[in-house]
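Thanks, everyone. Let me put the structure on the screen, and then I will walk through some local details.

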Amino acid sequence: MDLFKDLQDLLRHPEIWRGDALAQQISTISTGFPALDAELPGGGWARAGLNELQVPREGAGELSMLLPALAQVSREHRWVVCVAPPYLPYAPALGQAGIDLSRYMLVKVQSLESRLWAIEQALRSGACGAVLFWSQGLDDRHLRRLQLAAVEGDAMGFCFDHSPRTAERSSPIPLRLALQPCQGAKLQIDILKRRGGPTPVRLELALSRGNPVLSTPLPPSRGRVGRIPAWSGAARRPDHTILPADSVLGNLTTQGWQPEVNPVLQRSAARA
Amino acid sequence: MLWMSLVFPQLALESVPGLVENPQPWALTAEGRVFACNAAASRHGIQAGHGLSAALALAPMLQHCRHDPGRDQAVLEALAEWALGLSAEVVLEFPFALSLEIGGSLRYFGGLSSILARVETGLGKRQHQFNLAVAPTPLAALWLARSGTRGREPALQVVLDKAGLRPVLATLPVSVMDLPSDVLIRLQGVGLDTIGDCLSMPNTALSRRYGEGLSLQLAKALGQIPDPRLGYQPPEIFCREVDLQAPVQEISWCLPVLDRLLPDVMHWAARQARVVTRVRITLKHELHAPTLQEVGFAGAAQLEHLQWVLHEHLEKLQVPCPIVGLGVQILDSVVLDQPVADLLPGAPVRLREGQQLLERLRARLGPNTVLGLGLCDDHRPERSWTYREPGSGEPVRHRKSFGRGGAWMALPDAGTGVRNGPRGHGVAGDSGQATQKHDQPRPLWLLETVRDLGNHTLPCLRRPLRLLSGPERIESGWWDGSDVARDYYIAADQDGPQYWVYRNCRGEGRWFLQGIFA
C-alpha cells in the first residue's frame, strides 16, 4: 500500500503530465462506430476543433463515415455546413442517413480567399455543429487559424485532404486520420495523430454504401501494424501507400478493354 | 412626480455630423451672425452673437454654414425617441432640451443612480454634450439644467422634494426663464437679477409690471399650480436622413455617419418590440436621382450584425456621383419572438446564429452562393432534390419507410404514396405522383452532369468496373418531356470506390456515371 501511496504522490508532481487526463476532459460526439470511438480521445469526434481526413481520392467512404455524427449534429438543431464541395451533395442520401436537411447549408464559392473566409465564419459563428471543407490551397497558417475559430465557435471542422504525401507533413490539426478504401466496402483508418495516445493505430470499419451498419476492429494478428499497446515506447509508422491525388473526374478515361462475363449483368439479362 | 431635464448646449453644432470635433474653425450662422461655433473657432476668439464679418476678421479660414432649426428638431426628436427608453413621458423643450418624467421609472430601473448611469452611457454613445437636473417640477428641472456649467463635464443638480426647491431656484439668474428679451432687460434694469429677487416681490406687482407670464412660470416652477405637459409621440415609421458636411465620392466615408444612425434604428425596433427585417439606405446626390439599396434580414436583433451586413452591401455599391446625404428607412419589421429556451441546459437553440451566419455569408459572397437542400417527389435522381432556402420552414419529410410516419399509416390508400414493387423496380410514372423510395442505397455525391462510360457490356472508367448490385429500374417522366428509362447499378473500381452508374434501357444502351458513394 505504501508503494501505491508513493506512486500517487509522485504523480501529483506538477511537472508530470498525464496524457489521459487531457483526453477525458473534452466534450465529444460519437462517431457511430464503437471501434473508432474507443481509439479517439474522449470517445468520439471532439465537439470543438478540426479533424483531418486524408483520402487518396474521393469515394473512399470518407463521408459515410461521418454520417452518424452529422446526423447527430443536425438533430441538435445545429448546422452542417459544406463549403465548396467537389460534387453535389445528394439530398436523398443525406436524408436517408438521418440528416435534417433543413439544417444543411451548402456554400458554393470559388476563390481561395472567399472559401477560407466562409469556412472561418461558419466555424466561428457558434451556429454550426460541423463544417466540411477541402484542403486544397490551405496551408498551416490557415489551418491554425481555422482551428482557433473552431474552438471559439464550438464547431467540428472536417478537412478532407486529397493531396499526396500529406501524412509526412506536420499540421496544426489535433486529430489526423488517413483513410484507405479496401475491398468489401471496408474502410481502413490509420490514426496518424491524436491527443493523449500513441500513434499510429490502424483499424478497419465496415461501411454499407451510404449507411454504416457495423464496425469491426481488425484483429491484431491480421493487421500489419494493429493496435500498439499503450506506452510501448517508439511507435512505428504504418507503411501505407497513398495514391497520387487524382480526382475521380480528373482521370476518368474510357479505354478499350476485353469484355468479361459479369454474373450480375447476366442475371439481369436473363430476367429481361 | 419627478422630472429630469436634459439640456444640450451644443445641439446645433452636434446636429451637423463631424463639426464639433473638426480641427478647422466652423461656425453656424443665422441672420448674418454667428449662432454657434466649434472649439477650433472659439480658440480664435469667435463667440456666438458675433457678426459674420467680425468672425471672418478673427479667423479668415473660418468655414460657415447656415443654421437650420429643422435639423436641430430632427436631432432632438431622435433624442426623445431614445429617452422613451427611460420614461413613458418625454417632453420636447424647444429648442435644445428634453424633459422626462422619471418618477414612474425609478422602481423599474432600480433607483435614480441607475437611470443617471444609463443617461450617461446613452448620450455618451451618441456623442452629445448635456447638462442634467432632476427636480419635482418640469420647469424647475429645466431651469436648473440650463443654469448648469457649460464645460466638458456634464453638470448635475438634483432636488428631490418641493420644500427644497425654493432656496435652490432662488440662486438662479432670471435668464434661465423663458421670457421675452425686453422683459428680461427690464428685470435686470431694476436689479432683479435672480429668481430669488423676483420671488421676494409681491406677486400682483410682478404680474402688473411684467405680465402674467412671469408669475405663472414662477408658480409652476415651485409646484404651486399644475403644469400639464404634452408628451412626445414617436412616429410609427422610422425614416431618418442626414446631410453630409461635404460631398464624398467614397462610400466608405459615409459609413461612420451610417453607424451613428444605426443605434437609433435598433432603439426604434426595441421600443416597438420588433426586429428589423428590411432596411432601405438612400444615398443622396446633387443633380442625380438617389442611389437606393434595400437589404433584407431574417431579423436583425444585434447592432453589430446589422452594421456589418449593411457595410458589406454598401461597400459593393457603385455611385454615379458624389454623395451629399444619407438616409435610413425601415421598410419592414416583425414582432420579436423570444428565443425558445431549451428545457435542458447546455444545448442552446442556435437558430438566430444560423440566420446571422447565412446573412453574413450572403452579404459577402452573393445571394446565390449559400443554399440549402430539399427533396422532391421524383424518381429521376437529378430531379429528386432541389435547392432551397437554408433552414426554411418548409418541412422536408424523411420518408425512410412508410411504416413509421404516422400520417402515412393513417392514410394507406390516399393515393399520395405509391408503394413501389417488392424489389424496388420503381416504376411510378403511371400515377404521375412519384414517391421517393429510400430503401435502396443512394450515393452521397452526385455529378453535376453525368459522365459517359461507353456502351460496352460493362461500364468503363479507366478500366471496366465490377457491378456489385442491380439493376434498379427507374422509369419516369414521360409527362414532362424528359422521359427516362434507366437501369441503375452499383459498380466498384478495383481499389475500392463505388460508383452509381446506369445504363439507358432505350437506344444503344450507353453507360453513364451519375454518383459516387463517398
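Start at B:Gln355, which is found in helix α15 (residues 351-365) of chain B. Helices here are DSSP runs of H or I with at least four residues, strands are runs of E with at least two, and both are numbered from the N terminus. B:Gln355 has a relative accessible area of 26%, so it is partly exposed. On that scale, buried is under 20%, exposed is over 50%, and partly exposed is in between, with a 1.4 Å probe and protein chains only. What does B:Gln355 touch, leaving aside its neighbours within four places in sequence? B:Ala298 and B:Pro390. Contact means heavy atoms within 4.5 Å. B:Pro390 is 35 residues from B:Gln355 in sequence, and the C-alpha to C-alpha distance is 8.9 Å.

A word on the source. This is a predicted model, where local features need pLDDT of at least 70 and side-chain atom pairs count only at pLDDT 80 or more, while totals for chains, interfaces and linings use all residues. Residues are numbered from 1 along each chain as its sequence is written, chains are lettered from A and ligands numbered from 1 in the order in which they are written, and side-chain values use heavy atoms, with hydrogens and water left out.

Next, two helices of chain B. In α11(B), the buried residues are B:Ala205, B:Leu206, B:Ser207 and B:Tyr210. Their cover includes α9, α10 and α12 of chain B. Just after α11(B) comes B:Gly211, with a positive phi of about 90 degrees. Then α12(B), residues 212-222. Its buried residues include B:Leu214, B:Gln217 and B:Ala221. The buried residues of α12(B) pack against α7 (138-146), α8 (165-170), α9 (181-189), α10 (195-200) and α11 (203-210) of chain B. B:Gly223 follows α12(B), again with a positive phi, near 80 degrees.

How do α11(B) and α12(B) cross? At roughly 135 degrees, with axes that come within 6 Å. Axes are lines fitted to C-alpha atoms, for helices over the stretch in contact, and angles run from 0 to 180 degrees between N-to-C directions. That makes the pair oblique. Under 35 degrees counts as roughly parallel, over 145 as roughly antiparallel, 65 to 115 as roughly perpendicular, and the rest as oblique. B:Asn203, B:Leu206, B:Ser207 and B:Tyr210 of α11(B) meet B:Glu212, B:Leu214, B:Ser215 and B:Leu218 of α12(B). By class, that contact has 4 nonpolar, 3 polar and 1 charged residues. Nonpolar means Ala, Val, Leu, Ile, Met, Phe, Trp, Tyr, Cys and Pro; charged means Asp, Glu, Lys and Arg; the others, Gly among them, are polar.

Over to aromatics. There are 15 aromatic pairs over all chains. Rings of Phe, Tyr and Trp (its six-membered ring) pair if their centres lie within 6.5 Å; planes under 30 degrees apart are stacked, over 60 edge-to-face, and the rest tilted. B:Trp385 and B:Tyr387 make an edge-to-face pair, 5.0 Å centre to centre and 90 degrees between the planes. B:Trp385 is buried, at 12% relative accessibility, whereas B:Tyr387 is partly exposed, at 31%.

Last, charges over rings. The charged end of B:Arg486 sits over the ring of B:Tyr502, 4.3 Å from its centre. The criterion is NZ of Lys or CZ of Arg within 6 Å of the ring centre and within 35 degrees of the ring normal. In chain A, the charged end of A:Arg103 sits over the ring of A:Trp79, 4.7 Å from its centre.
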